[in-house]
Amino acid sequence: MKRTLAMLLALALLLLCACSTAPEPTQPAAKPPVETAETLSDHAAQDDAASEPAQPLFWQVSGNGYSGSFYLLGSIHVSDGLTYPQELLDAYAACDTLAVESDVLALEADLSAQVEMMRCLVYTDGTTIDAHLDAQTYADAKQVLTDLGGYQTMLDHYMPIFWYLLAGNLALAQTRFSPDGGVDRYFLQRAKADGTEILEVEQYTDVYRALGALSEETQVYALQQAIRPEVLAATEEDAAALLDAWCSGDEAAIIDGASPLLMYFRIIFPLLKPVTITALMHCVMSIWNDFGISLYLLNSAKRTTAVLTTYLFM
């Protein structure tokens, strides 16, 4: 993993600085046969007792003029072993197409796409990351990546948002969770083995290009939050809580980590925006047009409101 990352980083920098042509896409390596068992990871295979099937949030959509059916399943990209319910496997078998966020298997087999993706997060003005961070943040971030075994000098040419992503991935790699057990990866492997058509909702290059376009303040803030000791220490705990919520299909548990204030502004307030704006407009108009309170409480001509001034003028 570390050698692959180093090679890709070096290639991305080489292509950017030397303006050479991108390498020809490599041929996908022969993939091992996809296991037909419902369990994903070696952890599950080594368990003496079979694990209980997960019960994730899972919807079947049909009707309303549509002759067929399609299914909606929330994905989680890492796990330490999952067993899928037969209902979910039957739904997959009944489908002609698999739609995923991005085809990670195709990306892993395409070196030129990986290089192009990471070039989106490289400084093109000749500067390095230490010129965009304060000295303390740079020192702390560098130490975190070093402790996680991922720092290399060439990383200094990358933007703070790349450091943010790298710190999170390296921290997650220290836990028992693995991307090899991700839901999307599992069904992608099955789809490629079965010859099922695969549709991508988005391209990784577009995502990284959008990340690179974030303001410098946003990128620096994200990095500062990612390298906080308490955040790094809670990586495994947070991943376990998210996985448990996914497996149980507990919608409330998925957002349980948010504080009441955060839940209000992220969930409740957006739903109340029309009502809130309407109420605010009525309040402003009511206060602006108020006559009685101004007439009885304001006894100075210098402090009269526009409505009272108009009345006195008339």
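# Guided tour of the aromatic pairs and their surroundings

Across the whole structure, a search finds nine aromatic pairs; a pair is counted when ring centres of Phe, Tyr or Trp (its six-membered ring) lie within 6.5 Å. The model is predicted, so local features need pLDDT of at least 70 and side-chain atom pairs pLDDT 80 or more, whereas totals for chains, interfaces and linings use all residues. Residues are numbered from 1 along each chain as its sequence is written, and side-chain values use heavy atoms, with hydrogens and water left out.

**Stop 1: F58 and Y71**

Select F58 and Y71. A pair of aromatic rings is described by the distance of the centres and the angle of the planes. Here the centres are 5.6 Å apart and the planes stand at 10°, so the pair is stacked; planes under 30 degrees apart count as stacked, over 60 as edge-to-face and the rest as tilted. F58 belongs to strand β1 (residues 58–63) and Y71 to strand β2 (residues 66–73), so the pair ties together parts that are 13 residues apart in sequence. Helices (H or I, at least four residues) and strands (E, at least two) are DSSP runs, numbered from the N terminus. F58 counts as partly exposed because its relative accessibility is 22%, and Y71 counts as partly exposed at 28%. In these terms, buried means under 20% relative accessible area, exposed over 50%, and partly exposed in between (1.4 Å probe, protein chains only).

**Stop 2**

Remain in strand β1 and select V61. V61 has 28% relative accessibility and therefore counts as partly exposed. Its C-alpha lies 6.0 Å from that of Y71, a residue ten places away in sequence. Setting aside residues up to four places away in sequence, V61 touches G68, S69, F70 and L72; contact means heavy atoms within 4.5 Å.

Next, select N64 in the loop between β1 and β2. Most residues other than glycine have a negative phi. The phi of N64, however, is positive, near 55°. N64 counts as exposed, because its relative accessibility is 84%.

**Stop 3: helices α6 and α7**

Select residues 135–147 for helix α6 and residues 160–173 for helix α7. Two packed helices are described by the angle between their axes and the distance between the axes. For α6 and α7 the angle is about 35° and the axes are 10 Å apart. Axes are lines fitted to C-alpha atoms, for helices over the stretch in contact, and angles run from 0 to 180 degrees between N-to-C directions.

Which residues make the contact between α6 and α7? On α6 they are Y138, A141, K142 and L145, and on α7 they are W163, L166, A167 and L170. Seven residues of this contact are nonpolar, none is polar and one is charged.

Within this region, select Y138 and W163. Their rings form a tilted aromatic pair, with 6.0 Å from centre to centre and 35° between the planes. Y138 in helix α6 and W163 in helix α7 are 25 residues apart, and the pair links distant parts of the chain. Both Y138 and W163 are buried.

**Stop 4: W246 and its cluster**

Select Y84, Y92, Y186, F187 and W246, which form one aromatic cluster. W246 is located in helix α12 (residues 235–248). Is W246 buried or exposed? W246 is buried, because its relative accessible area is 9%.

Now display the surroundings of W246. Not counting residues up to four places away in sequence, W246 touches several residues, including A54, P56, L57, L73, I76, L82, Y84 and V183. S75 is also among the residues that W246 touches; the C-alpha atoms of W246 and S75 are separated by 8.3 Å, although the residues are 171 apart along the chain.

**Stop 5: the whole chain**

Of its 314 residues, 31% count as buried. Among contacts between residues at least 6 apart in sequence, 76% join residues at least 24 apart.

Methods. Ala, Val, Leu, Ile, Met, Phe, Trp, Tyr, Cys and Pro count as nonpolar, Asp, Glu, Lys and Arg as charged, and the others, Gly among them, as polar.
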